[in-house]
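Let's walk through this structure together, moving from its overall fold to the details of its side chains. Have a look at the sequence and the model first.

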Amino acid sequence: MKVTEHLANAKETLFSIEILPPLKGESIQSLFNHLDPLMEFNPPFIDVTYHREEYVFKNRGNGLLEKKSIKKRPGTVGICAAIKNKYNIDTVPHIICGGFSKEETENALIDLNFLDIHNVLVIRGDAIKNEPSFVPEKGGHHYAGDLLKQVIQMNQGVYLDDDLQNATSTDFCPGVAGYPEKHFEAPNLKTDLRYLKEKVDLVAECIVTQMFFDNQKYFDFVGKCREMGITVPIIPGLKPITTLRQINILPRIFHIDLPEDLSEALQKCKDNTAAKEVGVEWAVQQSKELREFGVPCLHFYSMGKAEPVRKIAAALF
Ligand SMILES: Cc1cc2nc3c(=O)[nH]c(=O)nc-3n(C[C@H](O)[C@H](O)[C@H](O)COP(=O)(O)OP(=O)(O)OC[C@H]3O[C@@H](n4cnc5c(N)ncnc54)[C@H](O)[C@@H]3O)c2cc1C
């Protein structure tokens, strides 16, 4: 089923998660071990992130460095198929512009369609480490909106090869990303929202937000989206803090703020165990308030750590 159908059919707030593919070399069982404890909360869909290549320099021992492209977390499409097969749960693979030509994107979408996977989260991806800004692949897409157009064309039976006759239309349900605290490259929230509206007008069917720790930012964001005529569901993304280092890492990587009350409570923690307790409790309180507000779904970024998400879900569902 499509994410939007799950949301429309829901009698109460849904629970969903986003997972990362395991690091290269790990088995799929490590992922199942992560998911098993969360299955009692019946997630109707699971998002699986996509991780593009990175460049590393390997010392070849003769004084020369060799530039190598590596993908640390491959397997998004295979993982989606494996989850569907094992748990009979819908999956939402993330598809990105970075590192993909239009042909490669088309081939990936054909694979997903053949696997009966019809939800996709359409995003741009970030710059590769060491590159100052995002550079699209040669013959690839610059913005998520451009990638979205390709998905929509395939939904209309239009593939890249003009000679194809009577090509099968796909039936993808595309979601896109939204940023309650603004995307870091956007000059201001209004401009960012204008581009978000463009994506929704192209037929993005739902929005999943970047993590946020202050619900007021989500409420304001939803209010501004509605004022602009964005009517699709806006799924809040939540991340339980699990370590003390995250006080600084999360704002740096995700360009979000931690409210003073939260950062002060974390700074008083002696170790990560105490920080995790604070993080879980904060996420529980955030979730309760969001549920009262009437959000369609609480979407948790598990980031390889199932236990904190399990505790939050146990307190809520
Ligand atoms: C829920 C969620 C899931 C994510 N999953 C992944 C993942 O699996 N893998 C991964 O690599 N990254 C992931 N990301 C990170 C994401 O790739 C980055 O935040 C990226 O920098 C922006 O992606 P986007 O789709 O929002 O980009 P876009 O919508 O393309 O926007 C990027 C920037 O360009 C601006 N912009 C948009 N359209 C235009 C236009 N037509 N002209 C000029 N400016 C424009 C926007 O305002 C914004 O500042 C995720 C983010 C979120 C919120």
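**From barrel to ligand**

Helix 10 (residues 272–293) lies across strand 9 (234–238) and strand 10 (297–301), and its direction makes an angle of about 170 degrees with strand 9. Contact here means heavy atoms within 4.5 Å. Such angles run from 0 to 180 degrees between N-to-C directions, with axes fitted as lines to C-alpha atoms, for helices over the stretch in contact. Helices (H or I, at least four residues) and strands (E, at least two) are DSSP runs, numbered from the N terminus.

Before going further, a word on the model: it is predicted, so local features need pLDDT of at least 70 and side-chain atom pairs count only at pLDDT 80 or more, while totals for chains, interfaces and linings use all residues. Residues are numbered from 1 along each chain as its sequence is written, and side-chain values use heavy atoms, with hydrogens and water left out.

Now to the barrel. Eight strands form a closed barrel in the order 1-2-5-6-7-8-9-10, with parallel pairing. From one strand to the next, the twist averages 30 degrees. Two strands count as paired if DSSP finds at least two bridges between them. Strands of a sheet pair through backbone hydrogen bonds, either parallel or antiparallel.

Three bridges join strand 1 (residues 14–19) to strand 2 (residues 45–48) in parallel, and I19 stands opposite V48 of strand 2. Strand 1 also pairs with strand 10, again in the parallel sense, over five bridges; there the bridge partner of E18 is Y301.

How many residues of strand 1 are buried? Six of its six are, where buried means under 20% relative accessible area, exposed over 50%, and partly exposed in between (1.4 Å probe, protein chains only). In a regular strand the side chains alternate between the two faces of the sheet. Both faces of strand 1 are covered, with L14, S16 and E18 buried on one side and F15, I17 and I19 on the other.

Next come the salt bridges, each a side-chain nitrogen of Lys or Arg within 4 Å of a carboxyl oxygen of Asp or Glu. The count comes to 12. One of them joins D171 and K2 at 2.8 Å, N to O. This pair links distant parts of the chain, 169 residues apart: D171 is in the loop between helix 5 (144–155) and strand 7 (173–178), and K2 is in the segment before helix 1 (3–9). D171 is partly exposed at 42% relative accessibility, whereas K2 is buried at 18%.

E181 and K217 also meet in a salt bridge, at 3.5 Å. E181 lies in the loop between strand 7 and helix 6 (189–201) and K217 in helix 7 (residues 215–227), so the pair ties together parts 36 residues apart in sequence. E181 is buried at 18%, while K217 is partly exposed at 24%.

D201 is exposed, at 52%. Elsewhere, E54, K72 and K129 are linked in a network of salt bridges.

Finally, the ligand. It is surrounded by 24 residues, the closest being Y50, D126, Y179, D192 and K199; a residue is near if one of its heavy atoms lies within 4 Å. An oxygen atom of the ligand is 2.6 Å from a side-chain N or O atom of D192, and a polar side-chain atom of K199 lies 2.7 Å from a ligand oxygen.

Methods
Polar contact = N/O pair within 3.5 Å; in protein donor to acceptor, adjacent residues only side chain to side chain.
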